[in-house]
Amino acid sequence: DFMQAFWDIEEAQAKAMQHLASFVREKSGKAPLPYLLTITELVTFAMKTHVDSLKLQADGCSLLLETLSQALEHDVVMALDENVTSSLLDTVRKHSENEELLSLVCTLLMMISASEVAAENLRKVGIIPDLLSILRNFLHNEKICLSCCGILWSLALSENNVDQALLQSAVPATSAVLQEHLQNRAVTEAACSALWALSLQGCLTETEYEPTTVLLLDALRMNPGSPVLVKSACLALASLIRLSEVSALRLITDSKGSGISVIKDVYHLHLDDPEAVEDICVLINEMVQYDDVVLDMLSEKVEELLSEIKSRFPYS
């Protein structure tokens, strides 16, 4: 009631947020869901009303992060309406050069985008160009890159996807993230997942097949122990190879060494993980459609690998 009565007074809203933050912390894991939804609506309205206030935006984002985390403790992803997403987009646009605030907002948007309804709302309010601009401006920031790639992954997998041209423009930005952060496992996982989702939607152009294949192979080389990365990189490579023999040939003739050796190494690291092995098999299955690639696979004794997989998983 206090926030609604003094909605136009910034100091009053800031004070109220402090009280709400204390309430949320005190009720950690115990706050009823309706309260959390009400808090979210009040905070986003205050942020939208006082969008020029950097401190209020930062405090609001921190409170929303805490509130959404509480909801996840209840195993509930809150279906936030378009008002919430548009308010956060206002914050992004108004403070597009503030790296610290953008890091907070992007983390928040990534959490929100886990809900299909919220992902659809983000698409409707036109967030993709803003995400790409953020990635270009803050490519060095690991946290921002991870969050933006997570959001792009959710948007690319959205069922009502009509932003083909916009998603196509996300491919170079996502590839740049992967190139920049190959040694950061979490960011690499997020970027590979985004590229996999974009490849599924047919967003890559022919000129992008070969360089993307090299990048995905580099990601596997640098982070072979990550099950998440094995899944997304193998399935993204399978998607590219399904479309283009150039990708398949690039995989086996890469200047850093044969991709087949990388696949075999990855298999031996994950041979007890049925899902990872299945994803590797999906990739191999796409490779065998090209005669020239099969010759290399035979010389690399891939048939022995497949026999071993068959004996380990006879009923799969």
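**Reading a surface patch and a core**

Analyst: In this predicted model, a nonpolar patch on the surface is formed by W153, L157 and L200, which together have about 270 Å² of accessible area.

User: Where is L200 found?

Analyst: L200 belongs to helix 12, which covers residues 185–200.

User: How should I read the largest nonpolar core, and which residues have the most contacts inside it?

Analyst: A core of this kind joins buried nonpolar residues through side-chain atoms within 4.5 Å. Here the largest one holds 102 residues, and L178, L216, L220 and M287 have the most contacts inside it. Helix 14 (residues 227–243) provides the largest share of this core, 10 residues.

User: Which residues is M287 in contact with, leaving aside its neighbours within four places in sequence?

Analyst: M287 is in contact with I241, L251, I252, I260, I263, V293 and M297.

User: How many helices and strands are in the protein, and what share of its residues counts as buried?

Analyst: The protein has 19 helices and zero strands. Of its 316 residues, 52% count as buried. Among contacts with a separation of 6 or more, 74% are between residues 24 or more positions apart.

Conventions. Residues are numbered from 1 along each chain as its sequence is written. This is a predicted model: local features need pLDDT of at least 70, side-chain atom pairs count only at pLDDT 80 or more; totals for chains, interfaces and linings use all residues. Side-chain values use heavy atoms; hydrogens and water are left out. Patches are made of residues with over 30% relative accessible area and no salt bridge: like charges are joined within 9 Å, nonpolar side chains (Val, Leu, Ile, Met, Phe, Trp, Tyr) within 5 Å. Accessible areas come from the Shrake-Rupley method with a 1.4 Å probe; for residues, only the protein chains shown count as cover. A salt bridge is a side-chain nitrogen of Lys or Arg within 4 Å of a carboxyl oxygen of Asp or Glu. Helices (H or I, at least four residues) and strands (E, at least two) are DSSP runs, numbered from the N terminus. Buried means under 20% relative accessible area, exposed over 50%, partly exposed in between (1.4 Å probe, protein chains only). Contact means heavy atoms within 4.5 Å.
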